[in-house]
Amino acid sequence: MVLTEQFINLCCTVLVDDNPKFTDSVVGEISFILDSYNEEDTAIQFRPKLQLCKTILKLRLDKKSTEYIMDSVL
């Protein structure tokens, strides 16, 4: 199965949102899904976005603030 751009966008949105409903459990599920995909499983044009999403995920798992994450990826 191939990751879609919409799914990657959704993951990025959830990972930078401070909403309390996006608990560590939700982040863990996103991590599980993203870890199971390699770049080869994603269309070439979406690979940079997947890498961005994985970078945001790593920062989120490291308990960095939303402001820090945004500054880091910009």
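**View 1. L15 and its contacts in the predicted model.** Not counting residues up to four places away in sequence, L15 touches V27, I30, C53, I56, L57 and R60, where contact means heavy atoms within 4.5 Å. This is a predicted model, in which local features need pLDDT of at least 70 and side-chain atom pairs count only at pLDDT 80 or more, while totals for chains, interfaces and linings use all residues. Residues are numbered from 1 along each chain as its sequence is written, and side-chain values use heavy atoms, with hydrogens and water left out.

**View 2. The largest nonpolar core.** The largest nonpolar core holds 18 residues, of which L3, I8, L15, I30, L34 and C53 touch the most other members. Helix 1, helix 2 and helix 3 are the elements that give two or more residues to this core; helices are DSSP runs of H or I with at least four residues, numbered from the N terminus. A nonpolar core is here a set of buried Ala, Val, Leu, Ile, Met, Phe, Trp, Tyr and Cys residues joined through side-chain atoms within 4.5 Å, and buried means under 20% relative accessible area, exposed over 50% and partly exposed in between, with a 1.4 Å probe and protein chains only. In soluble globular proteins, nonpolar side chains tend to be buried together.

**View 3. Cysteines without a disulfide.** The structure holds zero disulfides, a disulfide being a pair of cysteine sulfur atoms within 2.5 Å. C11 is in no disulfide, and the nearest cysteine sulfur, that of C53, is 4.8 Å away. For C53 the closest cysteine sulfur belongs to C12, at 3.6 Å, which is too far for a bond. C11 is buried at 2% relative accessible area, and C53 is buried at 0%.

**View 4. R60, a buried charge.** R60, which is found in helix 3 (residues 47-61), is buried yet has no salt bridge, and D24, the nearest side chain of opposite charge, is 5.3 Å away. Lys and Arg count as positive and Asp and Glu as negative, whereas His and the chain ends are not counted; a salt bridge requires a side-chain nitrogen of Lys or Arg within 4 Å of a carboxyl oxygen of Asp or Glu. Leaving aside neighbours within four places in sequence, R60 is in contact with V14, L15, V16, D17, F22, V27 and I69.

**View 5. The salt bridges.** By this rule the count comes to three salt bridges. In one of them E5 pairs with K49, the closest N and O atoms being 2.8 Å apart; E5 lies in helix 1 (residues 5-16) and K49 in helix 3, so the pair ties together parts that are 44 residues apart in sequence. E5 is partly exposed at 28% relative accessible area, and K49 is partly exposed at 25%. The side chains of K63 and D24 meet at 3.2 Å, N to O, in a salt bridge that links distant parts of the chain, with K63 in the loop between helix 3 and helix 4 (66-73) and D24 in helix 2 (residues 24-35), 39 residues apart. K63 is exposed at 58% relative accessibility, as is D24 at 55%. K58 and D62 also form a salt bridge, at 2.9 Å from N to O, with K58 exposed at 51% and D62 partly exposed at 39%.

**View 6. E39 in a loop.** E39 lies in the loop between helix 2 and helix 3 and counts as partly exposed at 36% relative accessibility. Apart from neighbours within four places in sequence, E39 is in contact with R47, L50 and Q51.
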